[in-house]
Amino acid sequence: MEIRLRNLRRNYGALHAVDDVSLTIPSNTVYGIIGRSGAGKSTLVRLVSMLEKPDQGEVYYDEKRVDNLSKAELIEERRHIGMIFQTFNLFSSRNAAENIAYPMEICHMDKEHIKNRTEELLALVGLEGRGKAPISTLSGGQKQRVAIARALATNPSILFCDEATSALDPQTTRSILSLIKEIQKKMNLTVVMITHQMEVVRDACDRVAVLDSGHIVEEGLVSDIFSSPKSEVTKDFLSSLTNVRESMVRWSKDGGHYTLRFRGSTTDEPIISSVSAATGAEFNIRAAGVQIVNGEEMGILVADIGPDEETEKKAVHLLLEKGVSVEEENKEVM
């Protein structure tokens, strides 16, 4: 199901939490919305998921407008969406199977259908045979798997994940993201992931919108955003990501006037050597690394270029010609 937002606004007093946001989220995809704390991403997901009404603007699911529905229509439309939260929101008084069954019970589904569907979902999320387990006995990752199964109970077309992995350790996060991607393909879901973690965007999403102060500052394919970020907010996110990656090796804390980004086949080519030979440029490499984004290699290299300004300009020009994205400190070259 495609989601379209037109000029959405939501204010809380003088705070413009969502300020004129227009966005199209394609059907059958994993779409990320990333922003710092206070950027407005949680407010945006509440508007898109019909938990709040916008002060201005429109929300469409395919061709159907959903922000202006009556209470009865809202209840019916919400059955087509599932939600996963950071804190799991499970009933401690119910075991795993009973938590999964709850949405079907309130929809007054047949008991035999509920039983069969619950068992099917437990198997889908890797918890087969754990239906009678009390919630208190489950790990954080297992609790989130129960929450995912519950969100899928009524066969939704859209799945919202609001900081769904923020409370999990890195290894569990990777397994949950892998599960969500697998489920998305099996069920042809539109998955919307709200996050402040660039790792989540890199490992799970097809497209991403970067939110800052209630505005969309950048949007596009994840591979494009990683290889050539435009906004300072996105560059900050990428910087914080690569600094903690094991694949990113930094052997000098000082310097690094330029950040070079390589994509796909350019990561395997001797571009630095060829540019140096052609221009006489001297590269003082401060840090470098390679990571995989949507199955495509993305390289990053932090360096100073010398020995003089004229040679530096020639080297940068040739790097750009060879398809390398070049960012000068506090200034975007391309």
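Glu 120 and Arg 117 both sit in helix H4 (residues 111-124), three residues apart, or about one turn of the helix. Helices here are DSSP runs of H or I with at least four residues, strands are E runs of at least two, and both are numbered from the N terminus. The two side chains meet in a salt bridge at 2.7 Å, N to O, where a salt bridge is a side-chain nitrogen of Lys or Arg within 4 Å of a carboxyl oxygen of Asp or Glu. Arg 117 counts as buried, at 7% relative accessibility, while Glu 120 counts as partly exposed, at 46%. For these labels, buried means under 20% relative accessible area, exposed means over 50%, and partly exposed is in between, with a 1.4 Å probe and protein chains only. Elsewhere, salt bridges that share partners tie Arg 6, Glu 58, Arg 65 and Asp 67 into one network.

A word on the model: it is predicted, with local features needing pLDDT of at least 70 and side-chain atom pairs counted only at pLDDT 80 or more, whereas totals for chains, interfaces and linings use all residues. Residues are numbered from 1 along each chain as its sequence is written, and side-chain values use heavy atoms, with hydrogens and water left out.

In general, side chains of opposite charge can pair when their charged atoms come close. The structure holds 28 salt bridges. One of them joins the side chains of Arg 36 and Asp 212 at 3.5 Å, N to O. This pair links distant parts of the chain, 176 residues apart: Arg 36 belongs to the loop between strand E3 (30-35) and helix H1 (41-48), and Asp 212 to strand E9 (residues 207-212). Both ends count as partly exposed, Arg 36 at 37% relative accessibility and Asp 212 at 22%. Another salt bridge brings together the side chains of Glu 76 and Arg 79 at 3.4 Å, N to O. Glu 76 is partly exposed, with a relative accessible area of 43%, and so is Arg 79, with 33%.

Next comes helix packing. Two packed helices are described by the angle between their axes and the distance between the axes. The axes of helix H3 (residues 96-106) and helix H5 (residues 140-151) come within 8 Å and cross at roughly 25°. That makes H3 roughly parallel to H5, since angles under 35 degrees get that label, over 145 roughly antiparallel, 65 to 115 roughly perpendicular, and the rest oblique. The axes are lines fitted to C-alpha atoms, for helices over the stretch in contact, and the angles run from 0 to 180 degrees between N-to-C directions. From H3, the contact (heavy atoms within 4.5 Å) is made by Ala 96, Asn 99, Ile 100 and Pro 103, and from H5 by Val 146, Ala 149 and Arg 150.

The peptide bond from Gly 306 to Pro 307 is cis, with omega near 5°. Pro 307 falls in the loop between strand E14 (296-306) and helix H11 (309-321). Asn 7, although not a glycine, has a positive phi of about 50°. Asn 7 lies in strand E1 (residues 3-12) and counts as partly exposed at 37% relative accessibility. Asn 28, also a residue other than glycine, has a positive phi near 55°. Asn 28 is found in the loop between strand E2 (15-25) and E3, and is partly exposed, with a relative accessible area of 41%.
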